[in-house]
Amino acid sequence: MKAILATVLVLFSAGVTVANPTITLSHLRGNVYVVQEDYPLSDENAAVYVGKKYVTVVGATFSPESARRLASEIAKVTSKPIGEVVDTNNNLDRAGGNSYFKGIGARIISTDLTRDLMQRDWDKMVSDARKRYPEYPNDPVTLPDTTYPGDFELQGGRIRGIYLGPSHAPDDIFVYFPRERVLYGGCVLKEELGNLAFADLDEYPKTLKKLQHLNLGYTTIIAGHWSPIHGSELVDEYLRLLALNQEHSSGN
């Protein structure tokens, strides 16, 4: 549980107002949009895919209120309903909006592992969050209702969920939009090391190298925190940061 507490401390160490998040939605390419949310210490970024019949949200945002505001922004660009939401890991920044999205009829999707970890840790994460921000809703967990043991496809193959092993958290996935050649890196990829409380530092670089070996052909990466838009070089940059961190930790 130390990892959960460490994550919450990172999430809440800046003066963000949980009740009044700022959400922006910007078109990136093709059917893909980028979501930016005010977030403690580092902006949180999600993604939206506008399909033929419905919208897929990748990353449920931090809270029911941020999810509600995202839904309002989506309604400005399409009249299609939000049909499904992908929790890319079990933490509050990727699953906190589940209850709102479920309430408007969206299907919540994750891996089996994410669902299991959410069921185990949700009450503790929310309790720790509320110690710093009492306005964070003390809602019971809204678990995914569709789960997969590993990789999956949505929107007729135009969205691919990819699980390659532990990284920032045991359950983090990548989400790839093949037509747009865009990869959503979630909490795994960003311009700084960020929070490593959940990280498996032995497996993290192996997971990123597995990603590279897939040769997916992405030209753009949406990072989970800080600046949202990066080129494919972000993977090598994060591998470099991990190596430097390992050298520092070992005293070399």
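## Lining of the largest cavity

Helices α4 (98-103) and α5 (112-132) each contribute at least two residues to the lining of the largest cavity. Helices (H or I, at least four residues) and strands (E, at least two) are DSSP runs, numbered from the N terminus. The lining consists of P64, A95, G96, N98, S99, W122, V126, Y136, P137, D139, P140 and T142. Seven of the lining residues are nonpolar, four polar and one charged; Ala, Val, Leu, Ile, Met, Phe, Trp, Tyr, Cys and Pro count as nonpolar, Asp, Glu, Lys and Arg as charged, and the others, Gly among them, as polar.

The largest cavity holds about 60 Å³ of space, and the whole structure has two cavities of 30 Å³ or more. A cavity is a set of points, on a 1 Å grid over the protein atoms alone, where a 1.4 Å probe fits but cannot get out; lining residues have an atom within 4 Å of a point. Grid points are joined across faces, edges and corners, and the volume is the space filled by probe spheres set on the points.

## Model and confidence

This is a predicted model, in which local features need pLDDT of at least 70 and side-chain atom pairs count only at pLDDT 80 or more, while totals for chains, interfaces and linings use all residues. Residues are numbered from 1 along each chain as its sequence is written, and side-chain values use heavy atoms, with hydrogens and water left out.

The average pLDDT of the chain (the predictor's confidence in each residue, from 0 to 100) is 92, and 92% of the residues score at least 70. In residues 1-15 the pLDDT is below 50, and this stretch has 38 contacts (heavy atoms within 4.5 Å) beyond near neighbours in sequence. Where pLDDT is low, the predicted coordinates should not be read in detail.

## Strands β9 to β11

Strand β10 (residues 174-177) pairs antiparallel with β9 (residues 159-162) through three bridges, and with β11 (residues 182-186), also antiparallel, over three bridges. Pairing requires at least two DSSP bridges between two strands. V175 of β10 stands opposite G161 and opposite Y184 in β11. F174 and Y176 point one way from β10, V175 and F177 the other way, and all are buried (under 20% relative accessible area, with exposed over 50% and partly exposed in between; 1.4 Å probe, protein chains only).

Four residues separate β10 and β11 in a hairpin, and R181 in its turn has a positive phi of about 60°.

## R120 in helix α5

R120 lies in helix α5 and is exposed, with a relative accessible area of 57%. Its C-alpha atom is separated by 9.7 Å from that of V141, 21 residues apart along the chain.

Technical notes:
On a 1 Å grid over the protein atoms alone, a cavity is a set of points where a 1.4 Å probe fits but cannot get out, and a pocket is an open set with protein on both sides within 12 Å along at least five of seven lines; lining residues have an atom within 4 Å of a point.
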